[in-house]
Amino acid sequence: MTSEISDTSSVTGANAVVTRGHRLGWNKVPEVTAYFWIIKVLCTTVGETAADLLNEKLGLGLSGVSLLMGALLAVVLVAQFRTNAYRAGVYWTAVALISIVGTLVSDNLTDNMGVPLETSTAVFALCLAVVFVLWYRSERTLSIHSIDTVRRECFYWLAVLFTFALGTAAGDLVAERMAVGYWLSAVLFVLAIAAVAVVHFALGLNAVWSFWIAYVLTRPLGASAGDYLSQPAGDGGLGLGTVVTSVLFLTVILGLVVFLATTRKDVTEREQRGAGMPVTREAAGR
């Protein structure tokens, strides 16, 4: 794992104003637990099915839906940046919306502008690489355990957006353009994530890079699962429809987020103390 570099002074009080380059002393994103990965995959599935649902039902067209969801995402991100610590409800709402927006960005390039999936996949990969380079050159770390300044949080959410757009394009490229199919695509991405885990735990692949590679791969995994559940049987799916699939996954996400907001199982004792939260028994026992 890359080292964490502190470039600032101490901050007094949970409501202190965070300025560029000044450390909060606590992290703005959750700990990476099993809950994190479960909700992440569920959000990617919702991003795929909800984007299709909104495009079909609202009658605004792909561009109109993209503008609407982009505006909603901007509002939630403002709320996220204004929080003084990680808040499960705000954070995961932002992830769910950025999943939808990332899907719509990729779909606009493919459907409205006629950009080949091979090209959009390469472009999004390049954009993500540029974000990582700029982030590392500025902060000397890509670790999500140190998202504790405004600048780092900006890099973090920009990277998340491009992982979703990249994952959407890559997933469509494998499942549709290469005609692998939704179910088999999901299996292939599960195997790829498992391979990353093996290389990390058995061969010592850097934890930061292991995280970001897995983060990218969960996007096409969730998209393939969502398409398999929602698409008609004639197109290789189960035919549940976008409404049923979206509502089902959103319900599970809501339940898990409420659970985490209540128990704070994804917040360490240090983060809870730094943000002025009461320390839970689970955190104290870690």
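This is a predicted model: local features need pLDDT of at least 70, side-chain atom pairs count only at pLDDT 80 or more; totals for chains, interfaces and linings use all residues.
Biologist: How many residues does the chain have, and what share is buried?

Modeller: There are 286 residues in the chain, and buried residues make up 47% of them.

Biologist: What do the contacts say about the fold?

Modeller: Look at sequence separation. Take the contacts in the chain with a separation of 6 or more: 71% of them come from residues 24 or more positions apart.

Biologist: How do I read a single helix? What is the reach of helix H5?

Modeller: First the general idea. An α-helix has 3.6 residues a turn, so residues three or four places apart point the same way. Now the case. H5 covers residues 150-177, 28 residues in total. From first C-alpha to last, H5 reaches 39 Å, close to the 40 Å expected. After H5 comes Ala179, with a positive phi near 60°.

Biologist: Why is H5 described as largely enclosed?

Modeller: Count its buried residues. In H5, 20 of the 28 are buried, so the rest of the structure largely encloses this helix.

Biologist: How do I read a charged pair?

Modeller: Side chains of opposite charge can pair when their charged atoms come close. One joins Lys28 and Glu153, with the closest N and O atoms 3.0 Å apart. This pair links distant parts of the chain, 125 residues apart: Lys28 sits in the segment before helix H1, Glu153 in helix H5. Both Lys28 and Glu153 are buried.

Biologist: Which residue pairs with Glu118?

Modeller: Arg177 does, at 3.1 Å between the closest N and O atoms. Glu118 belongs to helix H4 and Arg177 to helix H5, so the pair ties together parts 59 residues apart in sequence. Glu118 is partly exposed, at 39% relative accessibility. Arg177 is partly exposed too, at 44%.

Biologist: Where are Arg151 and Glu139?

Modeller: Arg151 lies in helix H5 and Glu139 in helix H4. They form a salt bridge, with 2.4 Å between the closest N and O atoms. Arg151 is partly exposed, with a relative accessible area of 26%. Glu139 is buried, at 3%. Salt bridges that share partners join Glu139, Asp148, Arg151 and Arg152 into one network.

Biologist: How do I read a serine in a helix? Is Ser99 buried or exposed?

Modeller: Check accessibility, then partners. Ser99 is in helix H3. At 0% relative accessibility, Ser99 is buried. A polar atom of the Ser99 side chain lies 3.0 Å from the backbone oxygen of Cys43. Beyond its sequence neighbours, Ser99 has contacts including Thr44, Phe164 and Arg219.

Biologist: What about Ser120? How far is Ser120 from Ala169 in space?

Modeller: They are 6.4 Å apart, C-alpha to C-alpha, and 49 residues apart in sequence. Ser120 lies in helix H4 and is buried at 1% relative accessibility.

Biologist: And loops? Where is Asn84?

Modeller: Asn84 is in the loop between helix H2 and helix H3. At 15% relative accessibility, Asn84 counts as buried. The Asn84 side chain makes a polar contact with that of Arg87, at 2.8 Å.

Biologist: Which residues form the nonpolar patch on the surface?

Modeller: Leu238, Leu240, Val243, Val244 and Val247 do, with about 410 Å² of accessible area together. Leu238 sits in the loop between helix H7 and helix H8. At 48% relative accessibility, Leu238 is partly exposed.

Methods:
Residues are numbered from 1 along each chain as its sequence is written. Side-chain values use heavy atoms; hydrogens and water are left out. Helices (H or I, at least four residues) and strands (E, at least two) are DSSP runs, numbered from the N terminus. The expected span of a helix is 1.5 Å times one less than its number of residues. Buried means under 20% relative accessible area, exposed over 50%, partly exposed in between (1.4 Å probe, protein chains only). A polar contact is a pair of N or O atoms within 3.5 Å; within protein, one must be able to donate a hydrogen and the other to accept it, and residues adjacent in sequence count only if both atoms are side-chain atoms. Patches are made of residues with over 30% relative accessible area and no salt bridge: like charges are joined within 9 Å, nonpolar side chains (Val, Leu, Ile, Met, Phe, Trp, Tyr) within 5 Å. Accessible areas come from the Shrake-Rupley method with a 1.4 Å probe; for residues, only the protein chains shown count as cover. A salt bridge is a side-chain nitrogen of Lys or Arg within 4 Å of a carboxyl oxygen of Asp or Glu. Contact means heavy atoms within 4.5 Å.
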